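Here's a quick tour of a protein model for you to follow on screen. Keep the sequence and the 3D view side by side while you read.

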Amino acid sequence: MGKEAERYVVVTGANKGIGLEIVRQLAKEGITVVLTARDETRGKEALESLKSQELHNVNFHPLDVASQESILALADWLRKTYGGIDILINNAGIASVDKDVTFETVKLVLDTNYFGVKNVTKALLPLLHDDTPGGARVIVVASRLGQLKNLESKDYVKTLSDREHLTEEVVDSFVNHHLKDVVDGSKKEGGWPNWIDWVNSPFGRPVEAYSVSKVAVIAYVSALHNTLVARPGSGKKINVFSCCPGYVATDLNKNRGTKTVEEGADTPVWLALQSPEEGIGKLWAERKVVDF
Ligand SMILES: NC(=O)c1ccc[n+]([C@@H]2O[C@H](COP(=O)([O-])OP(=O)(O)OC[C@H]3O[C@@H](n4cnc5c(N)ncnc54)[C@H](OP(=O)(O)O)[C@@H]3O)[C@@H](O)[C@H]2O)c1
């Protein structure tokens, strides 16, 4: 892959937790990393913490993945500053909103963890270089809480496991159906994840929506892969992967996770560096393809 300094990576939600560690590990590889965060102060503090570790090949730009204006501002800045990028790592996510399960709280989780990933990816896809050796990459930090075994609905398990025919529209309608059932108060009938003891869950409330959002991003990665390989002509090579970092001690689960951030960042960083030729469009964990 060309000269190290010529690779550019964007990481979302990177002011702390797994995202910050992903930035640190990639910067140590000599790659130029754009650390993004929704809060400028927190983002710049994270940047300074890396500089104090002698990592100077990191830049900061604000990004709120739930704001289209913010996404477009980042895309514009990347175009003007670097011309393009090689790797996008969608890491930003929320779980616990410490509030009741309402339309607003569920929508916030879905807007951040699903629509946020989708909108950032769409805006940055045109910026991915066509000549990145091994192909440009889009990596989504998902979760094994998004595996289909968590869904009660046999219909959705059937539709979403038909990976080769998955489309973005199918995934959107799955997510919007969940939101509608929350509004209608018919969640139980919908076959949504209900095995989780969400009252005591370290992920807080509403963990059902968190699980649905992660099912959706894993499915979206497969749908995106289908779209990318079906493009006419040779097109540029873009490899997409979803992955689970494991149960990592971060603010997301009130630091109850059993893995360190170094361990959690391992698979996303490995996918970014190796871009394996097998398992494109699939869910990875511990450097292996795992069941959706
Ligand atoms: N920890 C685990 O056990 C675990 C397991 C499976 C998957 N994951 C996934 O790993 C990813 C990273 O989570 P983490 O454990 O490192 O949690 P974390 O420490 O809470 O970090 C989450 C990051 O996402 C950012 N974020 C939230 N909403 C955002 C928005 N609208 N725009 C931009 N950034 C936003 C947060 O920024 P603020 O500081 O501004 O809130 C923070 O930087 C998430 O996608 C999560 O679902 C984690």
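Two strands count as paired when DSSP finds at least two bridges between them. By that rule β1 and β2 are partners, running parallel and joined by four bridges. Bear in mind that you're looking at a predicted model. The protein has 292 residues, and 49% of them count as buried.

- Eight strands make up an open sheet with mixed pairing, and their order is β3-β2-β1-β4-β5-β6-β7-β8.
- β3 (58–62) and β8 (288–289) sit at the edges with a single partner strand each, so one side of each has no neighbour in the sheet.
- β2 is mostly covered, since five of its six residues are buried, and buried here takes 20 or more other C-beta atoms within 10 Å.
- Further along, β4 and β5 also pair in the parallel sense, over four bridges. In this pairing, I87 stands opposite R137 in β5.
- β5 and β6 run parallel too, with six bridges joining them. One to look for is V138, whose bridge partner in β6 is V240.
- Next come β6 (residues 238–244) and β7 (residues 283–285), which are parallel and share three bridges. There, C243 has W284 in β7 as its bridge partner.

**A closer look at β5**

- How many of the six residues of β5 are buried? The count is six of six.
- Both faces of this strand are covered: A136, V138 and V140 are buried on one side, and R137, I139 and V141 are buried on the other.
- Now find G135, in the loop between α4 and β5. G135 counts as buried because it has 20 C-beta neighbours inside 10 Å.
- G135 and K236 are 101 residues apart along the chain, yet their C-alpha atoms are separated by 7.6 Å.
- Leaving out residues up to four places away in sequence, G135 touches K237, I238, N239 and S275.

**Helices on the sheet**

- Helix α3 (residues 68–82) lies across β1 (8–11), β2 (32–37) and β3, and runs at about 145° to β3.
- Helix α9 (residues 261–274) packs on the sheet as well, where it touches β1, β4 (87–90), β5 (136–141), β6 and β7. The direction of α9 makes about 170° with that of β5.

**The nonpolar core**

- The largest nonpolar core holds 88 residues. The ones with the most contacts inside it are V9, V23, V33, L35, I85 and A216.
- Which helix gives the most to this core? Helix α8 (residues 207–229) does, with twelve residues.
- Zoom in on A216: not counting residues up to four places away in sequence, A216 touches Y114, V171, F174 and V175.
- Across the protein, take the contacts between residues at least 6 apart in sequence: 70% of these join residues at least 24 apart.

**Around the ligand**

- The ligand is surrounded by 32 residues, and the closest are G13, G17, G93, T250 and L252.
- α1 (17–28) and α4 (103–124) each supply at least two residues of the shell. α1 gives the most, with three residues.

- K254 isn't a glycine, but its phi is positive, at about 55°. You'll find K254 in the loop between β6 and α9.
- Is K254 buried or partly exposed? K254 is partly exposed, because 13 other C-beta atoms lie within 10 Å.
- R287 also has a positive phi without being a glycine, with a value near 65°. This residue lies in the loop between β7 and β8.
- R287 has 12 C-beta neighbours inside 10 Å, so R287 counts as exposed.

Notes: Residues numbered from 1 in each chain as written. Predicted model: local features only at pLDDT ≥ 70, side-chain atom pairs only at ≥ 80, totals over all residues. Near = placed C-beta within 6 Å. Contact = placed C-beta atoms within 7 Å. Axes fitted to C-alpha atoms, helices over the stretch in contact; angles between N-to-C directions. Core = buried A, V, L, I, M, F, W, Y, C linked by C-beta atoms within 7 Å.
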